[in-house]
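Please examine the structure shown below before reading on.

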Amino acid sequence: MKDKNIVFTGIIASSSSLNDLIINSGYIAVEDGKITKKGSIEEFDALEKSGEFATFKVVKLSSDQFIIPGFVDCHTHAPQFPNIGLGLDRPLLEWLAKYTFHLEKKYSDTEFAAKVYDQVVQRLLKNGTTTACYFGSLHVEGTLELVKSAIKHRQRALIGKVSMNKENFAGYYNETKKELEEVETFIKHVKSYQNELVEPVVTPRFAVSCDKQLMDGLANIAKKYDCRIQSHISENTSEIDYVLETNPKCKSYGHVYDDSGILTNKCIMAHAVHLTEDELTLLSSKGVSVAHCPASNTRLKSGLCPVRKIINANITVGLGTDVSGGDNASILDAIRRTMDISTCLEMRGNEKYALDWKEAFYLATLGGAKALNLDHKIGNFDVGKDFDALLIDVYTKDGQIDKYEGTLPNTPDEYALDLLQKFIFVGDDRNIVQVYVKGEKVKDAYS
Ligand SMILES: Nc1nc2[nH]cnc2c(=O)[nH]1
Ligand SMILES: [Zn+2]
């Protein structure tokens with residue numbers, strides 16, 4: 001439903017940096033999808049009296065509701081959703097060969113692709129993912145169906161046709177020339193839609209599936225069309241061994257990508273579990289971002305990613321669900337797993353490695369926006385940004401969070417903080433009652 005001008009009043013929470021969570025009562029005015037004004041409740045009252053909001057729809061939140069920025073999923077695989085929760089009994093390379101490539105091959109069937117992707121996009125929006133950075137499959141037409149679903153349901157999406165040219169027994173790869181042509185075809189198609197929310201991403205799967213010739217070509221294409229690049233790095237030790245064996249002249253996995261010009265400030269690398277000090281310096285110096293994917297890192301037993309160390313190396317980090325290596329499509333789940341994994345690392349002797357809930361919330365919102373180079377548009381509620389937001393109702397009727405009368409703090413500020421904290425630790429998609437992308441409502445539990 002489209003309301004051109006809308007003003008929300010009530011508790012509003014967002015981050016301005018890793019260490020700065022801002023939560024207070026106030027208002028946000030949205031015109032044509034953009035945040036045009038914000039301020040305190042007192043300022044709202046005065047403006048409303050003066051007739052400023054006469055043409056606005058006014059949404060007054062209840063005392064148990066609040067608004068946060070939409071979640072950003074920096075890394076997930078749309079074609080793998082039919083396998084979610086399945087086949088997590090093997091490490092990465094075996095898992096890819098046994099379960100994943102076989103499923104992805106099916107997306108040569110465009111009708112199948114269209115049906116799955118329509119469900120995937122809706123599932124993510126239901127979970128509050130207003131922006132997703134997707135891997136599609138090897139297929140141009142199939143992956144264009146993902147583009148169409150994102151446009152249809154109004155999700156902000158960065159979408160890549162996966163590139164692979166190394167032979168595998170599943171027969172799931174392309175010859176180099178064909179692959180490079182298809183990537184250009186895909187990019188031109190996506191750009192021809194001229195949709196403000198969807199952009200193509202150059203997507204070499206990883207250095208196990210792509211040789212230097214292909215990666216050189218892909219880096220050139222990314223430059224030519226000014227596209228982002230996404231891939232995987234240092235997820236699993238057998239993967240790293242293989243990459244180093246097949247690229248004996250490169251001193252690290254990171255250098256394999258760098259030799260092809262893949263590492264730029266428009267590059268998002270998933271996982272980064274086992275980076276060396278050298279690689280941390282390399283990624284940082286190139287402005288590469290990391291998508292931290294805690295669910296799949298544990299489900300595929302890849303390792304415990306030292307997120308704090310990556311952040312301390314001045315690398316921008318966002319969160320990824322990495323379905324179906326990850327078993328959960330929700331960024332709220334990724335927030336919790338980020339806290340848990342980093343706490344495990346701290347408990348094993350790594351001082352100050354734990355991330356608290358406010359830091360993990362930042363990674364899920366503004367951190368993710370920065371990682372995707374979208375923080376000029378989304379990530380928090382700065383005036384001038386697009387209004388991508390979630391309306392949370394903490395005590396929604398059918399939810400997990402019960403209200404215990406007389407036990408909550410007295411000051412409004414404490415109350416607001418407790419509401420957000422309860423949602424972060426205990427909430428789920430049932431508490432996400434409305435979802436907005438660029439000011440348009442894309443989920444409404446009340447309608
Ligand atoms: N988790 C994960 N890692 C990968 N590395 C290369 N491809 C994949 C994939 O599909 N999932
Ligand atoms: Zn992945």
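Two strands pair if DSSP finds at least two bridges between them; helices (H or I, at least four residues) and strands (E, at least two) are DSSP runs, numbered from the N terminus. The model is a predicted one, in which local features need pLDDT of at least 70, side-chain atom pairs count only at pLDDT 80 or more, and totals for chains, interfaces and linings use all residues. Residues are numbered from 1 along each chain as its sequence is written, while chains are lettered from A and ligands numbered from 1 in the order in which they are written.

Strand β5 spans residues 65-69. Five bridges link β5 to strand β15 (residues 389-393), and these two strands run antiparallel; isoleucine 67 has leucine 391 in β15 as its bridge partner. Strand β1 (residues 5-17) runs parallel to β5 and is joined to β5 by two bridges, with isoleucine 11 partnered by phenylalanine 66.

Two packed helices are described by the angle between their axes and the distance between the axes. Helix α4 (residues 140-153) and helix α5 (residues 176-192) pack at about 25 degrees, with their axes 10 Å apart; axes are lines fitted to C-alpha atoms, for helices over the stretch in contact, and angles run from 0 to 180 degrees between N-to-C directions. Helices α4 and α5 are therefore roughly parallel to each other (angles under 35 degrees count as roughly parallel, over 145 as roughly antiparallel, 65 to 115 as roughly perpendicular and the rest as oblique).

How values were computed
A residue is buried if 20 or more other C-beta atoms lie within 10 Å of its own, exposed if 12 or fewer, and partly exposed in between; C-beta atoms are placed from the backbone.
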